[in-house]
Amino acid sequence: MTITGAEALVKALEMQGVKVVFGYPGGAILPVYRALKDSSIEHILPRSEQAAAHAASGYARTNHTVGVCMATSGPGATNLVTGIATAYMDSIPMVAITGQVSTAMVGTDAFQEVDTKGITLPITKHNYLITNTDDIPRIVKEAFHIAKTGRPGPVVIDIPKNIAEAPCKAKLDPPLDLPGYKPTYKGHPSQIKNAVNLIEQAKRPVLYIGGGIINAQAEPLLVQFAEKQQIPVVSTLMGIGVMDANHPLYLGMLGLHGWPAANMAVNNCDLLLCMGARFDDRATGSVPGFAPNATVVHIDIDPAEIGKNAPSQVPIVGDIHMILTELLHKMEACDRSGWLKELEPYRAMRDKVYPQDEDPNKLTARAVMQAISRITEGKAIMTTDVGQHQMTAAQFYEIQKPGRFISSGGLGTMGYGLSAAVGAQMAAPNDLVICITGDGSFQMNMAELATAKEQRLPIKVILFNNNCLALVRQLQDTYCDAEYYGVFMPGNPDFIQLAKAYDMATYRLTENKNMEETLREALSNDKLTLVECVISEEDMIFPYIRNGESINQMVMAEEEMKNRAKRKK
Amino acid sequence: MRHTLSVLVENRTGVLARVAGLFGRRGYNIESLAVGTTERPEISRMTIIVDGDNNVIEQVMKQLHKLVEVIKINDLTGEEYVNRELILIKVTASTEQRAEIMQIVDIFRARIVDISGKSLIIEATGDPKKISALVEALRPFGIKEVVRTAEIAIVRGSQLKLD
């Protein structure tokens, strides 16, 4: 019995173990939806294609699997683009399937036609436009293999309608043949030896870790390695969750809004061990001023990351899981109490980062995040949007389980949080999923409340509302002489009324009093829940590094107040 | 410094766009690019001339390697290799000038491939310096049109393997 291309596609997805597809139907992808109906795959219908891609990302990150999203041609595909780019920047394994107009119509500006392959070329690990129905099983197999191996990333499969409708005679499980795709897994022995020597000699080493550790599922090995070598650990936004936030060797997030201990450890170190991170500008500040006295060992699975943003003396290309195993095997335990003691005063600086003289009853995002840490014991799955709340979550959520901080790091995509929470809760139905968001980000994909309602997902949305794009306001404060423009949102809806329209449990916090009790009740709710936290638009994220400065030049609350006083004079 | 990269790619639609797009969006300066099939029909060779310091060239090669359809990259710059361009030049030539032009053509081991009343078409192959020298030698006669290919290159002696 012959099957259609669409049926072959869906069968190939089943063979890849796909359980859930986040998709939005339309004309060009009609045949695929027909085949999907008869399959074992569950289809989730978000309220926009962008949300479908973010949900697939949240699902992939929670389940350590390939997330799958689907859209029709034209606007369906272009709406996916932001989600695909988000996944690309954060190295999230994803396969996006898009419908396309029939091959005879391609290039004619047909209805809902867009050059999906061309548009997604720079934001995918690889992409396909299928031109022969018999290629479908091979392409699906390749796409999943490419998406999840090496440095993970999104792969797009664009399938014209007539190709999906035509009979497919090819075998469903063809052999993989990718002569140009051979990721390096085993680190070079002599470079590993060099790294071992450097670590043994180092007096003040620092581990600078990123999302690569999570992608390799090497969190326990990293912790073991840090403990055995007594090396303090700083993390990028993407690496949050690798280390228990309360681990004595953990110094927190580094970078433009990093903790003093993390930034100063990097500044003072003599050996920087970069693992699965990429010297992103938000982490490094000025590159010449980043770890200025250190020898750099850079370990990454992507050779192109080595030497791209910052030079390194010992590059090791390979799978961090294998390399850490080798390092653990090759190295003796070590004592570095002197170096760790040297860092203690910087840890204490943490108390001076934010204003100290505020009204104790004033509600702040950081107090809410600290309360959430206590209530959840750091075990919740946390998704965030992008803005001040994201930095607050990164700084104050004391995560205790790896891979549970789901945030858009590289692209900084507002609208990611709630959609990713839908994916995360689908992947982990019995876990507490919290979406930390702000009024700006929330409104970008607010319609996902309907998806959550439909699927009965008990997501807890913590909405920090200051009727303002406060991180942009903060930038205008620093760089535009406090000439605020285009950042206020006086037209915001009554979010509580809005949430009620979706049958949500709702809570509103305006002061510190009873804050923790209210949160405790909200988080133990088994319903889709909104907690609106009304905060001040004037609150800022500290510390911050001015453009072009090094990460040891942190502006903290006290200095900021002095600067302001000067400005007023 | 100018580098000559010999890149083996899968012979599929869209590969050229992928490679050319990469140069554009990463801000690399591509001087010339030639594509053609190899002794194996499923594989094409691109000869890419790119200008940049060692860091830039290293990034170019690494980024090219990341493309799934790129099989192998060789930087020929440090090696012994033969490189050639092909040029077609239409030059103004009155009957009196023809002898002089033919002399130049002989010196450069070029060929005259078409003659009309007022012009000649000259075909030449050679390394880029020779081709440029020929163009300069013919310029005084009045060059009407030049069509020049990108450079192709091959390593002397032992052959580059495809796998």
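# Contacts between chains and domains

Student: How many residue pairs are in polar contact between chain A and chain B?

Tutor: This is a predicted model, in which local features need pLDDT of at least 70 and side-chain atom pairs count only at pLDDT 80 or more, while totals for chains, interfaces and linings use all residues. Residues are numbered from 1 along each chain as its sequence is written, chains are lettered from A and ligands numbered from 1 in the order in which they are written, and side-chain values use heavy atoms, with hydrogens and water left out. A polar contact is a pair of N or O atoms within 3.5 Å; within protein, one must be able to donate a hydrogen and the other to accept it, and residues adjacent in sequence count only if both atoms are side-chain atoms. With both residues at pLDDT 80 or more, the count of pairs between chain A and chain B is five.

Student: Which residue of chain A forms a salt bridge with B:K66?

Tutor: A salt bridge needs a side-chain nitrogen of Lys or Arg within 4 Å of a carboxyl oxygen of Asp or Glu. The rule finds one across the interface of chain A and chain B. The closest N and O atoms are 2.6 Å apart, and the partner of B:K66 is A:D302.

Student: How much area do chain A and chain B bury between them?

Tutor: Buried area is the accessible area (1.4 Å probe) that two parts lose on being put together, summed over both. Carbon and sulfur atoms carry 50% of it here, and the total is about 1500 Å².

Student: Which three residues supply 31% of the area that chain A buries against chain B?

Tutor: Contact means heavy atoms within 4.5 Å, and it takes 20 residues from chain A and 19 residues from chain B. More of chain A's buried area than from any other three residues comes from A:L121, A:H126 and A:G180.

Student: How far apart are the C-alpha centres of domain 1 and domain 3 of chain A?

Tutor: Domain bounds come from an automatic or database domain assignment. For chain A that assignment gives domain 1 (3-168), domain 2 (189-350) and domain 3 (354-541). Between domain 1 and domain 3 of chain A, the centres are separated by 31 Å.

Student: Which residue of chain A forms a salt bridge with A:E454?

Tutor: Across the interface of domain 1 and domain 3 of chain A, the rule finds one salt bridge. The closest N and O atoms are 2.5 Å apart, and A:E454 is paired with A:R47.
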